[in-house]
Amino acid sequence: NLILGKLKGCKVIYNVQEIYPDILKKKTGPVIAFLKKVERCIYNRSDAVTTIDDVFYNTIVGRFENPSKLHIIPNFVDTDLYNPKNVIPLDEKLFPKTHALKLLYAGNIGLAQDWSPLVALVEKTKVLDVEYFVIGMGAQRQYLEEEKEKRGLEKLHILDYQPRHLMPSILAYSDVQFIFMAPEMEMMGFPSKVYTIMACERPLLICSGDKTPIVNFTKEHNCAKLITEKNFDKKVDEMVQWLASVSREELRQMGCNGYDVIQRYYTKEKVTKQYVDLVNKII
């Protein structure tokens with residue numbers, strides 16, 4: 001992009017969604033040193049750089065010769081697709097009608113999430129009227145399937161990816177959406193599914209460290225139950241206690257809180273305007 005900008009006489013805006021090379025497990029060595037130089041080169045030779053929240057901003061702002069180039073513009077959600085009214089019937093073989101409290105995750109079953117607390121949570125809530133749904137594929141799906149069989153976790157349902165147009169209906173089917181961030185990744189990324197969940201008026205159960213991007217964002221809006229305890233057993237027990245005591249009315253209100261925030265700040269129209277303003281500013 002920098003080369004094309006020179007050739008075409010264009011301005012270049014670089015968007016930071018995840019922080020490389022910080023996100024890599026290896027932190028030192030000649031390759032990492034080279035990548036850090038590339039990173040700083042891109043930041044400083046771009047006409048503007050955008051990132052999605054305060055944590056990302058504070059992490060990289062020291063890498064700029066001119067910090068005024070760096071701007072915070074959040075991600076957005078397509079509220080034409082993701083909204084609580086866009087609901088159609090689902091296949092009852094996959095999504096049976098039940099009065100149980102339904103916790104659901106849809107997306108990559110990968111290394112950015114921590115799946116061991118989920119396994120422990122399902123096992124500890126066998127006596128509660130709670131069902132768990134994990135939809136997707138990824139590096140950790142086999143782990144979940146093996147743990148489900150080994151521990152006899154009948155209330156854990158693992159499904160393949162579903163068509164995108166069904167996602168609002170799948171979100172509406174659930175009572176709570178859960179996201180458990182892996183400790184080694186929680187400072188370097190922000191799951192965009194948070195916006196779609198909030199847009200569909202669903203509450204979240206989030207397990208992540210304190211002052212991480214996902215916790216900083218959701219704690220302001222009272223749309224999620226936040227578990228920031230680091231001790232494994234304590235955080236699982238905290239989730240068990242919450243599931244045993246939370247009321248449907250509490251969940252409904254949390255979902256409404258999230259929906260209102262999206263409508264005020266994170267629709268595609270409102271976020272696009274911030275990009276338009278930035279473009280107008282640099283040209």
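Predicted model: local features only at pLDDT ≥ 70, side-chain atom pairs only at ≥ 80, totals over all residues.
**Exercise 1**

Find the strand order of the open sheet of 3 strands, and state which strands stand at its edges.

Solution. 
Step 1. The order is S1-S2-S3, and the pairing is parallel.
Step 2. Strand S1 (13-16) and strand S3 (70-72) each have a single partner strand, so one side of each is left without a neighbour in the sheet. These two are the edge strands.
Step 3. From one strand to the next, the twist averages 25°.

**Exercise 2**

Describe how strand S2 (residues 48-51) is joined to S3, and how S1 and S2 pair.

Solution. 
Step 1. S2 and S3 run parallel and are joined by 3 bridges. In this pair, valine 49 has leucine 70 of S3 opposite.
Step 2. Between S1 and S2 there are 4 bridges, again in the parallel sense. Here tyrosine 14 stands opposite valine 49 in S2.
Step 3. To get from S1 to S2, the chain passes through helix H2 (residues 30-45). This β-α-β crossover is right-handed.

**Exercise 3**

Give the strand order of the open sheet formed by 6 strands, and name its edge strands.

Solution. 
Step 1. Reading across the sheet, the order is S6-S5-S4-S7-S8-S9, with parallel pairing.
Step 2. Strand S6 (156-159) and strand S9 (224-227) pair on one side only, which puts them at the edges.
Step 3. The twist in this sheet averages 20° from one strand to the next.
Step 4. Phenylalanine 178 stands opposite leucine 205 in S8.

**Exercise 4**

Which strands does helix H9 (residues 232-245) lie across, and at what angle does H9 run to S9?

Solution. 
Step 1. H9 lies across strand S4 (101-106), strand S5 (130-135), S7, S8 and S9.
Step 2. Its angle to S9 is about 155°.

**Exercise 5**

Helix H4 (residues 116-124) packs against H9. Classify the angle between H4 and H9, and list the residues that meet.

Solution. 
Step 1. The two helices pack at about 50°, and their axes are 10 Å apart.
Step 2. Angles under 35 degrees count as roughly parallel and those from 65 to 115 as roughly perpendicular, so an angle between these ranges is oblique. H4 is therefore oblique to H9.
Step 3. The crossing of H4 and H9 is right-handed.
Step 4. On the H4 side the residues are Ser116, Pro117, Ala120, Leu121 and Lys124. On the H9 side they are Phe232, Lys235, Val236, Asp237, Met239, Val240 and Leu243.
Step 5. Sorted by class, the contact of H4 with H9 has 8 nonpolar, 1 polar and 3 charged residues.

**Exercise 6**

Solution. 
Step 1. The crossing of H4 and H5 is right-handed.
Step 2. H4 contributes Ser116, Leu118, Val119 and Glu123 to the contact, and H5 contributes Tyr143, Leu144, Glu147 and Arg151.
Step 3. By class, the contact of H4 with H5 has 4 nonpolar, 1 polar and 3 charged residues.

Definitions and conventions: Residues numbered from 1 in each chain as written. Heavy atoms only, no water. Pairing = 2+ DSSP bridges. Axes fitted to C-alpha atoms, helices over the stretch in contact; angles between N-to-C directions. Right-handed = clockwise from strand over helix to strand, strands pointing away. Contact = heavy atoms within 4.5 Å. Parallel < 35°, antiparallel > 145°, perpendicular 65-115°, else oblique. Left-handed = near helix turned anticlockwise from the far one by under 90°. Nonpolar A, V, L, I, M, F, W, Y, C, P; charged D, E, K, R; others polar.
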